[in-house]
Every structure is written in structure tokens, then in C-alpha cells.
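The report below takes up the ligand site and the pairing of strands. Please keep the sequence and the structure in view while reading.

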Amino acid sequence: MQSNTISHSTHDASEDDRNRDIKIYVNGEIVHRDEAKVSVYDSGFMLGDGMWEGMRLYNGKWAFFDEHMDRFFNSCKAVSIDVGMDKAGILDALTRTAAANNMTHDVHCRLMLTRGIKDKPFQHPRLSRSGPTLVIIMEHSKPAVSLQSAGITLATVPQVRGLPMSQDAKFNSHSKLNCVIACLQAEQAGADEGLMLDPHGFVNTTNACNFFIVRRGEVWTSKPDYCMNGVTRQKVIDLCRQNDIPVFEKNYSLYEAYGADEAFLTGTFGAQTPVASIDGKVIGKSGERPMIARIQSLYKSLISENTGSSQP
Ligand SMILES: Cc1ncc(COP(=O)(O)O)c(C=O)c1O
């Protein structure tokens, strides 16, 4: 047990009282969060049968919107959920929700689409006939600064990533039970987040973010087979390639992860979050994280370019 430490999550944000009164989009209606409801017959509630995207708004523009929409529409197509609108329709719904909330900057959004309301409380998708349920939650959100200095603690967990022919890890599905179990196991081991292995025992990803290590000037991440095809993961790989930082998608074991000079997580919410320790073993020496700092700076510039924001 790693006791007496302050526990974090990669989704820690500074408290913002304005979030108590946000307005939420539910199938075309925009209502106060206390009034925002979906049916108990909804496929998302009943089965976790739906897909979602997490996105960030800077300077009135959604960062990497096309990439998020590609993943979202692909996922919905793969499980035969008819989105009921195109990319422009989604953008319009997002724009309306942001306007209703008077939000333009430092906003995180969870866009969720389920197969919709079922006629009966059973599994078969044909029981969901009334069209999808679309919900958009937007919150004022800045990742907690303390995460950058303290870093996240990880514990390797027994729950592994699945093979793509069971529930493909690329589905950003409402059902995240595999990840939730991993997170519980990490919490029970006294860590903030779970480090998950692939079915062969190689290091893969955490329960909520993609995972990278830095060794001797090289950046390593797992092969893409068992992890979320994270938008931030791909941006970090692209940035490394464009800036002559050696980057590899490869199999590696805990042996190499424990001995890394630096380690970090990637995700839309927190961008790049340093890892302080894995299974109680401190990562790196003397708390210096020059590669993470370099990648964070490149990523900030990329967000500025993508959103026209001077201050991501
Ligand atoms: C399991 C998992 N890994 C990684 C990510 C990060 O993906 P992205 O960078 O697209 O936010 C997510 C986010 O949805 C996730 O659920």
C-alpha cells in the first residue's frame, strides 16, 4: 500500500463554481443540469450501449475536431448506431450548447450518443427503435496544476486489455467496465490509476489514458493493438516525428517501464501528465522531466495553431 500520499486522478480539475449551474444538451433541448435526464430504458443506462468523445474548447474552437469526429463516426458505424446527423449537425449542437453556457475557453466536453430508448428492458438492439439519445455535457475545466509537479502514481493491475475480437479497446464505449475494474484495483493497491498489460504481458495503457515512457532520449509507447486510438497519443507521436525526437510504438515490459527516465500519460483532458511512480518505484531521477517539458511545449503550440488560441 502506498499510504499517506494525496490521491489524484488524471481528471482532477480546479474547482469552478460555475459548473453548478451549467446547461446540458439532451436530444435538442438545452436544460439546467438538475433537469437533464435520460430514460431508465435508455440503451446507455441499461447496457452501456453507446459511444462518446471527450473534447476541449479553446478560443471558441474545438481542438482536433475532425480527428474526434472521425473516431466517433467510425465507432458508431462499427456498432450500427445511426448518429442521425452529420459532422456539421454535431458541431451545431456543440455550438448551441457552448453559447447557452456562454463558454469559449478552457472547456471540456463529453459528447455521448446511445442507441436510444428501448421498448423493453432486454439486450437486443432492435428493441431500441426510437432513435439515438445525444447528450452533451460541457464544463469549465482546467487540469489541476498540482498534477504537473506531483505526477500520478500507477499500480500494475491484474485486469488486462482485451483482444480486439472481444470488445475492441478502440471503442470509446459507454461501457468502460474493463477500465473501471482496473481503476478499482489500482485504488485498492493505493495508486491513482491502473497500468494495464496486454494479453501477452507487455505494458499497454492505463485505465483512462495512453501511456508513454522516455528512455535514453527515446520516446516509447505500446503498439496500438490493445489501447484506445487516442487523439492525444497520435499527436504526441506526430510531434516527436516532426521534431526529430526518436519515437517507437513497440512491445516492452515492466522491466523497461520501471527503469524509464520519465513516464507520462496522454489524454484530451490532461494533455500530458507526468507519472511519479509505478508499483511504488519512483520514475526518473531528481524529479527532472526535460522530455515531458519539451513535448508539452510542442503540444501547446500545436493547440494554438489548431484553435487560433494564443494561450491554450
Ligand atoms: C482508455 C482510454 N485511453 C486513452 C484515452 C485518451 O484518448 P484521447 O487522447 O483521444 O482523449 C481515453 C479517452 O477517452 C480512454 O478512455
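## Basis for the strand pairings

Two strands are taken to pair if DSSP finds at least two bridges between them. The model under discussion is a predicted one, and the strands are numbered from the N terminus.

Within strand 12, phenylalanine 248 is the bridge partner of tryptophan 220.

Tryptophan 220 of strand 11 also stands opposite isoleucine 213, a position that belongs to the pairing of strand 10 (residues 210–215) with strand 11 (residues 218–221), which is antiparallel and extends over four bridges. Strand 10 and strand 11 form a hairpin in which two residues lie between the strands, and arginine 216, in the turn, has a positive phi of about 50 degrees.

Six strands make up an open sheet in the order 2-1-6-5-3-4, and their pairing is antiparallel. The edges are held by strand 2 (29–32) and strand 4 (61–62), and because each has a single partner strand, one side of each is left without a neighbour in the sheet.

Strand 1, residues 23–26, runs antiparallel to strand 6, residues 133–140, and two bridges join them. Valine 26 has valine 135 of strand 6 as its bridge partner.

## The ligand site

The ligand is surrounded by 14 residues, of which the closest are Arg71, Lys176, Val231, Thr232 and Thr268. By residue class, this shell divides into seven polar, five nonpolar and two charged residues, and the space that the ligand takes is the largest pocket.

A polar side-chain atom of threonine 268 lies 2.6 Å from a ligand oxygen, an N or O atom in the side chain of lysine 176 is 3.0 Å from an oxygen atom of the ligand, and for asparagine 172 the distance from a polar side-chain atom to a ligand oxygen is 3.3 Å. Taken alone, the ligand exposes 390 Å², and the protein buries 94% of that area.

Technical notes:
Residues numbered from 1 in each chain as written. Predicted model: local features only at pLDDT ≥ 70, side-chain atom pairs only at ≥ 80, totals over all residues. Heavy atoms only, no water. Near = heavy atom within 4 Å. Polar contact = N/O pair within 3.5 Å; in protein donor to acceptor, adjacent residues only side chain to side chain. Areas by Shrake-Rupley, 256 points an atom, 1.4 Å probe, with all protein chains shown as cover. 1 Å grid on protein atoms, 1.4 Å probe; cavity = no way out; pocket = protein on both sides within 12 Å on 5 of 7 lines; lining within 4 Å. Sits in = over half its atoms within 2 Å of the grid points. Nonpolar A, V, L, I, M, F, W, Y, C, P; charged D, E, K, R; others polar.
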